Amino acid sequence: MRTLLAALLWLTLVNVEAGDPFNGHRIYGEHCLQCHGDDGSGLLVGIPDFTRGEGLLKSDLELVEQLKRGVGTMPAYQGLLSENELADVITYTRTLQ
Amino acid sequence: MVVKRLAIAILLLPSLLLNGCGDEVKVVAPKIGEAVADARFVGLDGGDTSLAEHSGKVVMVHFWATWCAPCRKEMPSLERLAQKLDSSRFALIGVSVDQDINLVKEFKLKYGIKFANHIDLDMDVAQGQFGASAFPESFLIGRDGKLVRHMIGEHDWDTPAMMQLFNDAYSGVETRSGAYW
């Protein structure tokens, strides 16, 4: 019983904390791909190259705040994507390196 | 036994609630060339308006927020555009999605923003009717009520190319302005 309870607790925590790269891939295709490109290398001048880790050397919390408020020419996603969805897309973006 | 079942239920509850949050209804944004449904906008100081009231004009609906960095940056050029546009042919409808109406009023005063602005506290119009996917986001609607351009992100609004885009939209011709959107 203790093992079962521990497993349930772990699953609950994982739901809250971890980004889902598969959902992140879907969101990336919908909101990011047009400017950042399929492989994340950036299609326009001044856009960070995710394949080299540019713009990603920050904590997930900092990146979520950036995405919520927008930065440079990147628009703001506050209220349109949830924090969990933003975490998902950050998790996916980190896999492009 | 009852205590164990209760413990399991308590542990499962957050997980079930969080999983349920993902089932949101997605609204599809108006498409280029298709008619945009009428929408009503609540004025910051009671001056409500609607798309129907501007029938026959080229209308740009611009969604923004004070917390959005690109929105703040482009606002001066948007104000200059508003001053340049002939109000008998064009209408610029600013719509803030801020949740504090006073912040929007303070922002307008501080930066001298005079064009008509409105408030969409719960994003009912931005998301519910226009399916906004990021801010700033603008919808340029032709005199026939059909969507001409859908622009996302920061723009330089008072360039000659952008003015040509607006004039071409009024004339109903395919633009070659070179303005990006």
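**Strand 6 of chain B and its surroundings**

In the predicted model, Leu140(B) stands opposite Arg149(B), a residue of strand 7 of chain B. This pair belongs to an antiparallel arrangement in which strand 6 and strand 7 (residues 147-152) of chain B are joined over 5 bridges. The two strands form a hairpin with 5 residues between them, and Gly145(B) in this hairpin adopts a positive phi near 85°. Strand 6 of chain B also pairs with strand 3 (residues 58-64) of chain B, again in the antiparallel sense and through 5 bridges. Here Val59(B) has Ile141(B) of strand 6 as its bridge partner.

Strand 6 of chain B, which spans residues 137-141, is mostly covered, with 5 of its 5 residues buried. In a regular strand, side chains alternate between the two faces of the sheet. In strand 6 of chain B, Glu137(B), Phe139(B) and Ile141(B) lie on one side, Ser138(B) and Leu140(B) lie on the other, and both faces are covered.

The largest nonpolar core contains 50 residues, of which Phe41(B), Leu51(B), Val61(B), Phe63(B), Phe130(B) and Phe135(B) touch the most other members. Two or more residues each are given to this core by strand 3, helix 2 (69-84), strand 4 (90-96), helix 3 (101-111), strand 6, strand 7 and helix 4 (160-171) of chain B. Strand 3 of chain B supplies the largest share, 6 residues. Another core lies apart from the largest one; it has 17 residues, among them Leu63(A), Met74(A), Leu86(A) and Val89(A).

A charged residue was also examined. Asp98(B) is located in the loop between strand 4 and helix 3 of chain B. Asp98(B) is buried but has no salt bridge, and the nearest side chain of opposite charge, that of Arg72(B), is 8.1 Å away. That separation leaves the pair without a salt bridge because the criterion requires a side-chain nitrogen of Lys or Arg within 4 Å of a carboxyl oxygen of Asp or Glu. The side chain of Asp98(B) instead makes polar contacts with the side chains of Thr66(B), at 2.4 Å, and Ser96(B), at 2.7 Å. With neighbours within four places in sequence left aside, Asp98(B) is in contact with Ala65(B), Thr66(B), Trp67(B), Leu103(B), Val104(B), Ile119(B) and Leu121(B).

Key:
Residues are numbered from 1 along each chain as its sequence is written. Chains are lettered from A and ligands numbered from 1 in the order in which they are written. This is a predicted model: local features need pLDDT of at least 70, side-chain atom pairs count only at pLDDT 80 or more; totals for chains, interfaces and linings use all residues. Side-chain values use heavy atoms; hydrogens and water are left out. Buried means under 20% relative accessible area, exposed over 50%, partly exposed in between (1.4 Å probe, protein chains only). Helices (H or I, at least four residues) and strands (E, at least two) are DSSP runs, numbered from the N terminus. Two strands pair if DSSP finds at least two bridges between them. A nonpolar core is a set of buried Ala, Val, Leu, Ile, Met, Phe, Trp, Tyr and Cys residues joined through side-chain atoms within 4.5 Å. Lys and Arg count as positive and Asp and Glu as negative; His and the chain ends are not counted. A polar contact is a pair of N or O atoms within 3.5 Å; within protein, one must be able to donate a hydrogen and the other to accept it, and residues adjacent in sequence count only if both atoms are side-chain atoms. Contact means heavy atoms within 4.5 Å.
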